[in-house]
Amino acid sequence: MPVHSKNIPDEAILKPENYYLKFEVNTLTPYNGNVVKINVGLTAEDNNGYKWQPPYDTKGKWQTVAIPLTEVFAEYTPKPSVSASGYWTRLLIGHAPGDWDADIAFDNFRVVPKLSK
């Protein structure tokens, strides 16, 4: 795995309830069809990972998306485990039946701790 796949803290794998998966998204046309599958924190390929579903429309502006890491991990089989060699990390865009219907950009995927109040 690439070096950047090693940036996920061990604590996020062990206690995902304390973390978010965050990223920026910009839609020039609304995201209204199909699915984006997100793989992060896995030790092997899983084409049935977390499904980020439409609709989503930022009206041409960048917005931050924050998904609880427990929600992401809940859809994985097998479950994530700590790996010193890095993690399987990728997006599968338009990876479901039906037309892909969006003009969309993504940036800055990261796993970050939830902030305490």
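Reply: A polar contact is a pair of N or O atoms within 3.5 Å; within protein, one must be able to donate a hydrogen and the other to accept it, and residues adjacent in sequence count only if both atoms are side-chain atoms. This is a predicted model, in which local features need pLDDT of at least 70 and side-chain atom pairs count only at pLDDT 80 or more, while totals for chains, interfaces and linings use all residues. Residues are numbered from 1 along each chain as its sequence is written, and side-chain values use heavy atoms, with hydrogens and water left out.

Me: With which side chain does the side chain of glutamate 24 make a polar contact of 3.4 Å?

Reply: Glutamate 24 sits in strand β1 (strands are DSSP runs of E, at least two residues, and helices are runs of H or I, at least four, all numbered from the N terminus). Its side chain has a polar contact of 2.8 Å with the side chain of arginine 110. The polar contact at 3.4 Å is with the side chain of asparagine 108.

Me: Is glutamate 24 buried or exposed?

Reply: Buried means under 20% relative accessible area, exposed over 50%, and partly exposed in between (1.4 Å probe, protein chains only). Glutamate 24 touches residues including Trp62, Thr64 and Phe106, leaving out those up to four places away in sequence; contact here means heavy atoms within 4.5 Å. Its relative accessible area is 15%, so glutamate 24 counts as buried.

Me: In which order do the strands of the open sheet with β4 and β6 at its edges lie?

Reply: Two strands pair if DSSP finds at least two bridges between them. β1 (residues 19–33) and β6 are antiparallel partners over 10 bridges, and glutamate 24 faces aspartate 107 of β6. The three strands make an antiparallel open sheet in the order β4-β1-β6.

Me: How many residues apart in sequence are arginine 110 and glutamate 24?

Reply: A salt bridge is a side-chain nitrogen of Lys or Arg within 4 Å of a carboxyl oxygen of Asp or Glu, and by this rule the model has four. Arginine 110 and glutamate 24 form one of them, with the closest N and O atoms 2.8 Å apart. Arginine 110 lies in β6 and glutamate 24 in β1, so the pair ties together parts whose separation in sequence, in residues, is 86.

Me: Where is glutamate 45, which meets arginine 90 in a salt bridge?

Reply: The N to O distance in this salt bridge is 3.1 Å. Glutamate 45 is partly exposed at 47% relative accessible area, and arginine 90 is partly exposed at 25%. Arginine 90 belongs to strand β5, whereas glutamate 45 is in the loop between β2 and β3.

Me: What is the phi of lysine 59?

Reply: Most residues other than glycine have a negative phi, and most peptide bonds are trans. Lysine 59 lies in the loop between β3 and β4 and is exposed, with a relative accessible area of 65%. Although lysine 59 is not a glycine, its phi is positive, at about 55 degrees.

Me: What is omega for the cis peptide bond that joins threonine 77 and proline 78?

Reply: Another cis peptide bond joins proline 54 and proline 55, with omega about 5 degrees. Proline 78 is in the loop between α2 and β5. For the bond that joins threonine 77 and proline 78, omega is about 0 degrees.
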